[in-house]
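Open the model in your viewer and keep the selection panel at hand. The tour goes from a ligand site to the domains and then to helix pairs.

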Amino acid sequence: MPATLTNGHTNGHTNGHTNGYKVEKSSSSSTDLLTLALDVVNNAANIKSLLAAQNLPAPDFSPDSVDLPDTPELAKLRNQLVASLDDLRQLALGPRRTLRSLICFSNDLAAFQVAFEFGFFTIVPESEDGIALADVAKQAGIDIGRTRQVLRLLCTHRVFREVSEERFAHTAASAAFARDDNFRAAGGYGMDEMFKAASSTSDTVRASPMKSDLEHSPFRTRLGASMFEYYEQHPKQANRFAKAMAGVASVDRKPSTLGDMFPWDTLKGTVVDVGGGSGHIAMALAHRFPHLNFLVQDGVQDMLTQGERLLEKEDPSVASRIDLLLQDFFEPQPPMERLAARGPVAGFFLRHVFHNWNDNDSINIARALVPALEAADPETPLIISERVLPRLGEGVLLHEERSMRQMDMMMMVGLGAKERTLAEWQALFSAADERLVVKKVHGEAASAVLEVVLRK
Ligand SMILES: C[S@@+](CC[C@H](N)C(=O)[O-])C[C@H]1O[C@@H](n2cnc3c(N)ncnc32)[C@H](O)[C@@H]1O
């Protein structure tokens, strides 16, 4: 049945989808219960129309149901839908019930922590009729009582479902963890060292009320070592952390979008990937841009050793254009002849480097690049892949802003560091050298590329 629904906040245009639904374009900044509810209906209807037009199933909670495709059109509708739903839920619950749920949320995280630590996601089989509670407990090596407590709380999140009395099977969400090692690693690390560290945040701020850095981070307070030291000392956790980063990247800021966000095709020569880790991003870019060479630098030999292994498996036409170099980014760059061995330096690329460091350290990283920028051709850019936090009134949806602010807080908890607004980015570069200017911001807030040049 076609549905035409108006919410009083529409501009009168339809979105043109006639596949069973004809709905008004919706976008509500209203906080009226009914307006929000209509917004939900409109956005849900539009999503279903789009999916039907592409012969794609609508999402449900069954284990084979997957995330909505990330096309720009669907992403926009999904984001509006979630924004209205979030507000609708808060209004329906009211402030005290909303906060009650929040106050109790550490218990939900505790249940997740046990499920990750004791392997619940892989113990529960993919079969329709699932597994008996006693068997989950036996395989996990823990008592039945606490296994039941944990599973039943998780079921309320639609993570596992109780198919019959004391038998548990997967849902879409639990299956996502079961099937994807990297995503499960992200959950495991989030509930283990990061959850532990987060619980020491106010203790850390009290002990160090005016200073936040690697040494004055909740992670260090709780785990007894800075994040970098901890992973050096704990190879098993370090391996999980590396997988977790890949798991998070599969949802958030997919590296594949980087190729479209910056005009790499206009560069010539060698891109120096500063703090480039194993070089996985340089390799992806080298596939896409066959005219570019890459010099991947990292200060951690293990990263480069991983990179050598990856390069051995790479197509020779790609591997032959990538070099690896041990280089501390707090130190000046090697001489230009070394950097430009395969052609002029096209730019210095820093992905997810600065957000790991507080302002002082970040200024030092940027400053260490200045002599190389002076020696390079004019307008040679620093290409910086990071978030740009929104300013007040920029109109970013609250739940999208929350994802960014969660990362900002995570940088504080893990590393005593932060995410930055555009003004903070510019201030950072100016403090490193007053000739450094942000020439352009490519992409959008959650996934931006800042182009910074040295005005000579
Ligand atoms: C968050 S990772 C980002 C890696 C890569 N750019 C990416 O986007 O996947 C930060 C990188 O900085 C490296 N690193 C940490 N301290 C460093 C230093 N002093 N000099 C150079 N690299 C460093 C780490 O080993 C790690 O590979």
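Which residues are closest to the ligand, and how many surround it? The ligand is surrounded by 15 residues, and G275, G277, G299, V300 and R351 are the closest. A residue is counted as near when its C-beta atom, placed from the backbone, lies within 6 Å of the molecule. Divided by class, this shell has 6 nonpolar, 6 polar and 3 charged residues. Here Ala, Val, Leu, Ile, Met, Phe, Trp, Tyr, Cys and Pro count as nonpolar, Asp, Glu, Lys and Arg as charged, and the others, Gly among them, as polar.

Before the next selection, note that residues are numbered from 1 along each chain as its sequence is written. The model is predicted: local features need pLDDT of at least 70, side-chain atom pairs count only at pLDDT 80 or more, and totals for chains, interfaces and linings use all residues.

Colour by domain next. The protein is divided into domain 1 (1-101), domain 2 (104-179), domain 3 (181-249) and domain 4 (255-454), with bounds from an automatic or database domain assignment. Between the C-alpha centres of domain 2 and domain 4 the distance is 40 Å.

Now select residues 105-117 and 144-155, helices α4 and α7. Helices (H or I, at least four residues) are DSSP runs, numbered from the N terminus. The axes of α4 and α7 are 9 Å apart, at an angle of about 120 degrees. Axes are lines fitted to C-alpha atoms, for helices over the stretch in contact, and angles run from 0 to 180 degrees between N-to-C directions. The two helices are therefore oblique to each other; angles under 35 degrees count as roughly parallel, over 145 as roughly antiparallel, 65 to 115 as roughly perpendicular and the rest as oblique. On α4, show D108, A111, V114 and A115; on α7, show V150, L153 and L154, which complete the contact. Contact requires C-beta atoms, placed from the backbone, within 7 Å. By class, 6 of these residues are nonpolar, none polar and 1 charged.

Move to α9 (residues 181-198) and α21 (residues 398-415), whose axes come within 9 Å and cross at roughly 85 degrees. These helices are therefore roughly perpendicular. M194, A197 and A198 of α9 meet M410, V413 and G414 of α21.

Technical notes: Two residues are in contact if their C-beta atoms, placed from the backbone, lie within 7 Å.
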